[in-house]
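Subject: Structure handover

Hello,

Here is the structure you asked for. Please open it next to this message and follow along.

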Amino acid sequence: MTSWGPEPLVFFFGQGRADGTSAMKDVLGGKGAGLAEMTNLGIPVPPGFTISAALCGTYLETRSFPPRLRPAVEAALGRLEAATGKVFGGGDTPLLVSVRSGAALSMPGMMETILNLGLNDASVVGLQRMSGNASFAYDSYRRFVQMYGGVVFDVPKRLFDAPLERCKREAGVTRDIDLPVAALQQLVTEYKDLIHQKTGKPFPEDPQAQLWGAVEAVFESWNTRRAQDYRKLHEIPDTMGTAVNVVAMVFGNMGEDSGTGVAFTRDPSTGARELYGEYLLNAQGEDVVSGARTPEPIAKLRDRMPEAFHDLERVTRTLERHFRDVQDLEFTIERGKLFMLQTRRGQRSGAAAVRIAVEMVDEELISEEEAIARVPPNDLNQLLHPAIDPNAPLDLLTTGLPASPGAASGAAVFDADRAEARARKGEAVILVRRETSPEDFHGMVLAKAILTARGGMTSHAAVVARGMGKPCVAGAHEMEVHETPAGFSVNGRSIQEGEWITVDGATGRVFAGQARLIPPELSGNFSRLMGWADKRRHLRVRVNADTPADAHRGRDFGAEGIGLCRTEHMFFEGERISAMREMILASDAEGRQRALAKLLPMQRTDFEGIFRAMEGFPVTIRLLDPPLHEFLPKETEEIEALARQMNKSVNEVQHTIEMLSEVNPMLGLRGCRLGIMYPEITAMQARAIFEAACTVAARKGRVQPEVMIPLVAHVVEFRKQALIVRQVAEEVFRERQLTVPYLLGTMIELPRAALTADEIAREAQFFSFGTNDLTQTTWGLSRDDAGVFLPAYLERNIVESDPFITLDVAGVGKLIAMAVTLGREARGDLKVGICGEHGGEPAAIAFCEAQKMNYVSCSPFRVPIARLAAAQAALEERGTMIRTRATV
Ligand code: PEP
Ligand code: MG
C-alpha cells in the first residue's frame, strides 16, 4: 500500500506562496507557485488550482492515485465554478480549463499542455452562445480535439496538419483564424475520426473523463525522452516530478481585441532593461511558441491596445521588484482585459546574465554577493566566445533573427539524429531545421549552433539555444528547407547536407563556408562583476599555458600566473622535433648532449617569452613528461630522413624505435622516469629555465619560476631530480652573478604520491594535483581509451558523470584531501594547487576551496569561469560557516 501522507494534494491559487525559498515550490511546481504568488499580489490571474507534484513519482510507479485525490479535485472544481460563475461540463455556461505541467525547476517546452478542456458537442454550442462568436467556439473546439489527440492519445501531431492544410486550401485562406465555421466543424469530426481510427477509442465527450486523461498525460510527460534528456543536461533530479495546474480558460482567440503573448521583463539575449517579447492577435498560447505564425514584437502592442499594454508594463514592474529577478511571463488579453498566465525566473544568455546582475546591483535590487551568485560560471563561456571578424571576407546567404549570441561554423545537418551521430564522431555540425520541436533536443545538445527557417525570438529553437548558450539564428524565413535530398535553398543558392556554414547568433546572419572568428571584448559589466568576484575569492587562478601567446591570453582573462607549462609542446615544431628525435635515438650520453645543445637555445627563448608575458606572477614549468614514442616518426619517409640526418642505417633507426615501443606507454618511460634515465634532459631544461629567468631578471623583470617534476611516485625520484635542478640553478646563478628565487615542487598525479605525500612534502615546496593522470591511475582507466565504454557506463547509471570531466570527489577527491592534509602536516607553508582539466570546472573548484588550496589552474578560456566559481565557492563556504555557526 502506498502511503500518501497527510499533506493536501490540491491547492487553490492563493493558498500557497512562492517566494523562491518556500518549500511550496517543490509541491506546486514553478508554474503553480508563480500563479499562486501572483494571486496573492493581486495581479489579474484566472482562478485555478494545482495538483501536487508529490503525486507524480508514485503515479508513474503505480499508475494510480490515492483515493482522496478525486474528492479534492471535485471540491476545487466546485470552487472554480463558483469563482467564474460557469459550470464544468455545463451546456449553457461551460467552464473550460487548461491543464498544464510545471516542475519546481523550469523545463520550458519539455512537458505537455492542453487548452480548452471541457468542450464537447453540447458545450461548444453554449460557448458559441456565451461569446456570440461561432468561429471562436469551433476554433477552440478544433484546437482542443487536436491537442488532446496528440497529448493524451499519442496520435502523431503531424497527422492533424494534413486535414487542416486541406481545409485551408479548400476555403481559399492561408491563416487558421480565417477558416469558416463549417470547415472548423468538419475538422472537429475528422480529428475525432482520426483518433478513433488510430487508437480504437472514441474521443471522450465527458469533461470529467477528459480532465483525468489530461492529468495522467501531464504526469506521463515527465518521462518522455526529451524531458529526460533535458533533465540530464541541466542536472535536474528525476525524482522531482511535475505538478498539474488546472486553470480557468481565458481566451486570446476571441477576435481582434484579444491576443496572447510571452514577455520578459528584460531582454534575455542582451539584458537590456526594456520589456521584451512577442504577441499574436486573435490566438492561443501555442501559436506563439510553436512558430506556426510569426508573432509581432511586443512594442507594437502599445499602439494596438494601449490600456492592456500599460497594465502589462505595470504588472511586469511589480513582479520584477517582488521576485528581484527577471521574469518570463505568459499573458492573454481577452476582449481588452489582461490576464497573467505564468511568471517564472527568465532564462537568459550569459551576456544578459552579467548585464542584468550588474544593473540590478546599481538599481539596489540585489547585493554584489547576490550578483556573483546569480551568474552560472559556465555561462560566461558564451561571452568569451568568438564573434565573426569584422574584416573577414564573408559570403552572406541570408539573415534571420539574432536568437542567441555567439558565432560558430560547422557542417549543415538537417536532422537531429544525423547531427548527433556526426557530432559524436567529433565533427562540428550546425543543426538546420524548418523549425525545431522538442524531438530535436538531442541533436541541439551536440550541435555548435542552431539555424531555423521559421519561428520567432521565443520559438523553441531560440529558448533552448539560449538556455544552452549556443548561437542560434531563428526565423531565417527566406530559407527553404528540403527533406530529400537534405539541404536548403536561399536567394538562388543551395546548401547541401555536410557543406559548411557559419551562423552569427548576435546579428542573425548566416554565411556560406567557414568565417574567421575573433575573441570577444571583455570590459564594462563583465569586468565589474569579475572585480566583485576577485574581491571575495580566496583561491588564486592561474592559466595552463605553453606559449607566450597563451600566457598573454590567460593574463588578459585575469590569470595570476601559470600553473602548468607543458614543456614538451615546445618540442614538436619545425626543426625542434628533429633535434628531439636525434636526442632520443642517440646511442650514448655524448650524442644526447649534442642534440640537447641544439634544443637548449630554443627552450631558453620560449621561457624568456613566457616569463615576460607573466611578469610579476609565478610560472610553473613542468619538466618533460610524455612517453618518448610520442616524438618518434611513424612514416617510412620520416624514418629515412632521420636516418640520413643521424648518419645511421634505416634498420638501425627502426630497431631503436621498436626497442622504445611500450605496451602501456602511459604507465611506462615517462614523467620523472625520463629524467632519471636521461639526467641530461633534466639538466638541459633546468639550464634553459634559469638562464631565461636570469636574462629577464637582469633587465629588472620580476620572475618567479616554479620548477615542477612530473609523475613522481616515490620521494627518492623527486630527491634525485631535485638535486640536478638545484645544481644547475647554482651553476647558472654563479655564471650570471645573479640569484633568482625559485620553488621546486612536484605534481601529485599517482596514488602512491598521494599516499606518501608527507614524505614528499618534506622535500617538495609545492604540490600541483594532476587530476588527469590521478583520475586515470586511481580508476585504472586509460584516459585515451575510456571513450569506448564510458558512454555505456553513463547510460547504465554505473557512473553519474565522466570522471575526466567532473572530479570524482568520492574517490580521487579522497586521495587529494589526504595528500593535502599529509603534505601540510609535513610542511606548514606547502603551496597547493590543481592543474588537471578539473581546475576549470566549477564543482571541482568548490572542492579545491574546501581543501583550502592556494590556486587552481586551467586553460585560458576557463580563467574567468574559474574566477567566478572561486568567488561563489568562497561565498558558499562562508554561508555554510555562518549557517553552521547559527545552528550550533
Ligand atoms: C594531469 O595529469 O592532470 C596533468 C595536468 O598533466 P597531463 O595532462 O599533461 O598529463
Ligand atoms: Mg599528467
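Which residues touch the most other members of the largest nonpolar core? Keep in mind that this is a predicted model. The core holds 126 residues, and Leu380, Ile562, Phe611, Phe690, Phe769 and Ile816 touch the most other members. Helix α26 gives the most to this core, with 10 residues. In soluble globular proteins, nonpolar side chains tend to be buried together.

Look at Phe611 next. Set aside its neighbours within four places in sequence, and Phe611 is in contact with Val619, Ile621, Ile689, Ala692, Ala693, Val696, Val703 and Pro705. There is also a second, separate core of 90 residues. Phe88, Cys167, Trp212 and Ala227 are included in this second core.

Now the metal. The magnesium ion (ligand 2) is coordinated by Glu749 through OE and by Asp773 through OD, at 2.0 to 2.1 Å. Glu749 sits in the loop between β28 (743–748) and α28 (751–755), while Asp773 sits in helix α30 (residues 771–779), so the pair ties together parts that are 24 residues apart in sequence. Are these two residues buried or exposed? Both Glu749 and Asp773 are buried.

Next, the rings. The whole structure contains 18 aromatic pairs. Take Phe160 and Tyr191. Their ring centres are 4.9 Å apart and their planes stand at 85 degrees, so this pair is edge-to-face. Phe160 is in the loop between α5 (134–151) and α6 (161–171), and Tyr191 is in helix α7 (residues 181–199), so the pair ties together parts that are 31 residues apart in sequence. Phe160 has 1% relative accessibility and counts as buried. Tyr191 has 0% and counts as buried too.

Phe690 and Phe733 make another pair. Their ring centres are 5.6 Å apart, with planes at 80 degrees, so the pair is edge-to-face. This pair links distant parts of the chain: Phe690 is in helix α26 (residues 679–698) and Phe733 is in helix α27 (residues 715–736), 43 residues apart. Phe690 is buried at a relative accessible area of 0%. Phe733 counts as buried at 7% relative accessibility. You have met Phe690 already: it is among the residues that touch the most other members of the largest core.

Some rings form a group. Tyr59, Phe65, Trp212 and Phe219 are linked into a cluster by ring pairs. Trp212 is also in the second core.

Charges sit over rings in places. The charged end of Lys337 is over the ring of Phe339, 4.8 Å from its centre. Arg542 lies over the face of Tyr855, at 3.9 Å from the ring centre.

On to the strands. In what order do the strands of the 5-stranded open sheet come? The order is β8-β7-β6-β9-β10, and the pairing is antiparallel. The edge strands are β8 (296–297) and β10 (337–345), and each pairs on one side only. Strand β9 (residues 327–334) pairs with β10 in the antiparallel sense over 8 bridges. Within that pairing, find Gln327: this residue stands opposite Arg345 in β10.

Compare strands β14 (residues 407–413) and β15. These two run parallel and are joined by 3 bridges. Ala412 stands opposite Ile430 in β15. Strand β15 (residues 429–433) is mostly covered, with 4 of its 5 residues buried.

A few backbone details deserve a look. The peptide bond from Thr484 to Pro485 is cis, with omega near -10 degrees. Pro485 lies in the loop between β18 (480–482) and β19 (487–490).

Two residues other than glycine have a positive phi. Asn282 has phi near 50 degrees. Asn282 is in the loop between β7 (276–281) and α10 (285–290), and is buried with a relative accessible area of 13%. Glu364 has phi near 60 degrees. Glu364 is in the loop between α13 (350–362) and α14 (368–374). At 71% relative accessibility, Glu364 counts as exposed.

Last, a distance across the model. Arg70 lies in helix α3 (residues 69–84) and counts as partly exposed at 43% relative accessibility. The C-alpha atoms of Arg70 and Arg699 are separated by 84 Å, and the two residues are 629 residues apart along the chain.

Best wishes

How values were computed: Residues are numbered from 1 along each chain as its sequence is written. Chains are lettered from A and ligands numbered from 1 in the order in which they are written. This is a predicted model: local features need pLDDT of at least 70, side-chain atom pairs count only at pLDDT 80 or more; totals for chains, interfaces and linings use all residues. Side-chain values use heavy atoms; hydrogens and water are left out. Donors are N, O and S atoms within 2.8 Å of the metal (3.2 Å for Na, K and Ca); water is not among the atoms, so sites may look incomplete. Buried means under 20% relative accessible area, exposed over 50%, partly exposed in between (1.4 Å probe, protein chains only). Rings of Phe, Tyr and Trp (its six-membered ring) pair if their centres lie within 6.5 Å; planes under 30 degrees apart count as stacked, over 60 as edge-to-face and the rest as tilted. A charge sits over a ring if NZ of Lys or CZ of Arg is within 6 Å of the ring centre and within 35 degrees of the ring normal. A nonpolar core is a set of buried Ala, Val, Leu, Ile, Met, Phe, Trp, Tyr and Cys residues joined through side-chain atoms within 4.5 Å. Contact means heavy atoms within 4.5 Å. Two strands pair if DSSP finds at least two bridges between them.
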